[in-house]
Amino acid sequence: MSSTPRGTPPQPPFAWGDFRRVAKQLHSPAGDEARLRSAISRAYYGCFNETKSWLASHGVTIPKDDVHTFVWSTIGGFGNDGRRAKYQGRALRIRRNIADYDAPATAAWDSEAADAFQKSETISILLAGMP
(Lines give C-alpha, C1' and ligand atoms only; values in the text may rest on other atoms or scores of the structure.)
Protein backbone atom coordinates (compact mmCIF):
# COMPACT_ATOMS: atom_id res chain seq x y z
CA MET A 1 0.00 0.00 0.00
CA SER A 2 1.37 3.38 -1.00
CA SER A 3 1.63 6.28 1.43
CA THR A 4 1.20 8.81 -1.41
CA PRO A 5 -2.32 10.28 -1.58
CA ARG A 6 -4.27 9.72 -4.80
CA GLY A 7 -3.79 12.42 -7.36
CA THR A 8 -0.35 13.35 -6.02
CA PRO A 9 2.23 13.35 -8.79
CA PRO A 10 5.12 10.94 -8.25
CA GLN A 11 8.18 12.53 -6.71
CA PRO A 12 11.63 12.14 -8.25
CA PRO A 13 13.97 9.89 -6.30
CA PHE A 14 16.01 11.53 -3.57
CA ALA A 15 19.25 13.02 -4.89
CA TRP A 16 21.83 11.41 -2.60
CA GLY A 17 24.44 13.88 -3.79
CA ASP A 18 22.51 16.54 -1.87
CA PHE A 19 24.14 15.11 1.25
CA ARG A 20 27.42 16.56 -0.07
CA ARG A 21 25.81 20.00 -0.17
CA VAL A 22 24.80 19.55 3.46
CA ALA A 23 28.31 18.31 4.30
CA LYS A 24 29.79 21.43 2.75
CA GLN A 25 27.40 23.63 4.74
CA LEU A 26 28.30 21.83 7.96
CA HIS A 27 32.01 22.21 7.21
CA SER A 28 32.08 25.93 7.79
CA PRO A 29 35.16 27.84 8.94
CA ALA A 30 33.63 28.22 12.39
CA GLY A 31 32.39 24.64 12.52
CA ASP A 32 32.39 23.05 15.92
CA GLU A 33 33.26 19.40 16.44
CA ALA A 34 29.66 18.17 16.16
CA ARG A 35 29.18 19.98 12.83
CA LEU A 36 32.47 18.67 11.47
CA ARG A 37 31.74 15.08 12.52
CA SER A 38 28.29 15.39 10.91
CA ALA A 39 29.89 16.74 7.73
CA ILE A 40 32.02 13.60 7.49
CA SER A 41 28.99 11.39 7.99
CA ARG A 42 26.89 13.21 5.37
CA ALA A 43 29.77 13.15 2.87
CA TYR A 44 30.05 9.39 3.35
CA TYR A 45 26.35 8.62 3.07
CA GLY A 46 26.02 10.80 -0.01
CA CYS A 47 28.60 8.83 -1.98
CA PHE A 48 27.67 5.49 -0.42
CA ASN A 49 24.05 5.81 -1.54
CA GLU A 50 25.05 7.15 -4.96
CA THR A 51 27.27 4.11 -5.40
CA LYS A 52 24.56 1.75 -4.18
CA SER A 53 22.08 3.31 -6.63
CA TRP A 54 24.62 3.11 -9.46
CA LEU A 55 25.11 -0.59 -8.80
CA ALA A 56 21.36 -1.24 -8.68
CA SER A 57 20.91 0.62 -11.97
CA HIS A 58 23.48 -1.74 -13.48
CA GLY A 59 21.58 -4.85 -12.47
CA VAL A 60 23.32 -5.60 -9.17
CA THR A 61 21.04 -6.93 -6.44
CA ILE A 62 21.92 -5.22 -3.17
CA PRO A 63 21.75 -7.50 -0.11
CA LYS A 64 20.28 -6.37 3.18
CA ASP A 65 23.16 -7.68 5.28
CA ASP A 66 26.64 -6.12 5.38
CA VAL A 67 25.58 -3.73 2.62
CA HIS A 68 28.46 -1.27 3.11
CA THR A 69 31.12 -3.93 2.58
CA PHE A 70 29.17 -5.33 -0.36
CA VAL A 71 28.82 -1.95 -2.11
CA TRP A 72 32.50 -1.01 -1.86
CA SER A 73 33.70 -4.50 -2.78
CA THR A 74 31.34 -4.76 -5.74
CA ILE A 75 32.05 -1.35 -7.27
CA GLY A 76 35.70 -2.40 -7.36
CA GLY A 77 34.83 -4.91 -10.08
CA PHE A 78 33.86 -2.19 -12.54
CA GLY A 79 37.22 -1.26 -14.06
CA ASN A 80 39.90 1.17 -12.93
CA ASP A 81 37.45 3.90 -11.92
CA GLY A 82 35.45 1.35 -9.95
CA ARG A 83 38.59 0.29 -8.11
CA ARG A 84 39.44 3.91 -7.32
CA ALA A 85 35.90 4.44 -6.01
CA LYS A 86 36.23 1.30 -3.89
CA TYR A 87 39.42 2.47 -2.18
CA GLN A 88 38.12 6.01 -1.66
CA GLY A 89 34.84 4.64 -0.29
CA ARG A 90 36.51 2.22 2.10
CA ALA A 91 38.79 4.96 3.44
CA LEU A 92 35.86 7.32 3.85
CA ARG A 93 33.84 4.64 5.65
CA ILE A 94 36.61 4.27 8.23
CA ARG A 95 36.58 8.04 8.78
CA ARG A 96 32.80 8.06 9.05
CA ASN A 97 32.89 5.28 11.65
CA ILE A 98 35.41 7.24 13.72
CA ALA A 99 33.39 10.45 13.38
CA ASP A 100 30.14 8.72 14.35
CA TYR A 101 31.31 6.33 17.06
CA ASP A 102 34.71 7.24 18.48
CA ALA A 103 35.90 10.14 20.57
CA PRO A 104 39.58 10.64 19.81
CA ALA A 105 40.79 13.65 21.75
CA THR A 106 43.26 14.85 19.14
CA ALA A 107 41.37 14.45 15.88
CA ALA A 108 41.85 17.28 13.40
CA TRP A 109 38.16 17.41 12.53
CA ASP A 110 38.47 20.37 10.16
CA SER A 111 40.98 18.63 7.89
CA GLU A 112 39.18 15.29 8.28
CA ALA A 113 35.92 16.90 7.11
CA ALA A 114 37.65 18.57 4.15
CA ASP A 115 39.23 15.25 3.13
CA ALA A 116 35.90 13.42 3.50
CA PHE A 117 34.19 15.96 1.27
CA GLN A 118 36.94 15.58 -1.36
CA LYS A 119 36.72 11.80 -1.32
CA SER A 120 32.93 11.96 -1.67
CA GLU A 121 33.24 14.35 -4.63
CA THR A 122 35.84 12.11 -6.26
CA ILE A 123 33.58 9.06 -5.99
CA SER A 124 30.67 10.98 -7.50
CA ILE A 125 32.83 12.14 -10.42
CA LEU A 126 34.11 8.60 -10.98
CA LEU A 127 30.57 7.19 -11.03
CA ALA A 128 29.41 9.87 -13.47
CA GLY A 129 32.16 8.86 -15.88
CA MET A 130 31.53 5.12 -15.69
CA PRO A 131 29.40 3.47 -18.40
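Is Leu127 buried or exposed? In this predicted model, Leu127 comes out as buried, because its relative accessibility is 7% and anything under 20% counts that way.

**View 1. A look around Leu127 in helix α5.** Setting aside residues up to four places away in sequence, Leu127 touches Glu50, Thr51, Trp54 and Ile75.

**View 2. Helix α2 packs with helix α5.** Here we have residues 33–57 (α2) and residues 109–129 (α5), with axes 9 Å apart and an angle of about 15°. Since angles under 35 degrees count as roughly parallel, that makes α2 roughly parallel to α5. The crossing, where α2 passes α5, is left-handed.

**View 3. Who touches whom between α2 and α5.** On the α2 side, the contact is made by Glu33, Leu36, Arg37, Ala39, Ile40, Ala43, Cys47, Glu50, Thr51 and Trp54. On the α5 side, look for Trp109, Asp110, Glu112, Ala113, Ala116, Phe117, Ser120, Ile123, Ser124 and Leu127. Sorted by type, the residues of this contact are twelve nonpolar, three polar and five charged. As for the spacing, an α-helix has 3.6 residues a turn, so residues three or four places apart point the same way.

**View 4. Helix α2 from end to end, and what follows.** How far apart are the end C-alpha atoms of α2? They are 36 Å apart, which agrees with the 36 Å that 25 residues should span at 1.5 Å a residue. Just after α2 comes Gly59, with a positive phi of about 85°.

Technical notes: Residues are numbered from 1 along each chain as its sequence is written. This is a predicted model: local features need pLDDT of at least 70, side-chain atom pairs count only at pLDDT 80 or more; totals for chains, interfaces and linings use all residues. Side-chain values use heavy atoms; hydrogens and water are left out. Axes are lines fitted to C-alpha atoms, for helices over the stretch in contact, and angles run from 0 to 180 degrees between N-to-C directions. Helices (H or I, at least four residues) and strands (E, at least two) are DSSP runs, numbered from the N terminus. Angles under 35 degrees count as roughly parallel, over 145 as roughly antiparallel, 65 to 115 as roughly perpendicular and the rest as oblique. A crossing is left-handed if the near helix is turned anticlockwise from the far one by less than a right angle, and right-handed if clockwise. Contact means heavy atoms within 4.5 Å. Ala, Val, Leu, Ile, Met, Phe, Trp, Tyr, Cys and Pro count as nonpolar, Asp, Glu, Lys and Arg as charged, and the others, Gly among them, as polar. The expected span of a helix is 1.5 Å times one less than its number of residues. Buried means under 20% relative accessible area, exposed over 50%, partly exposed in between (1.4 Å probe, protein chains only).
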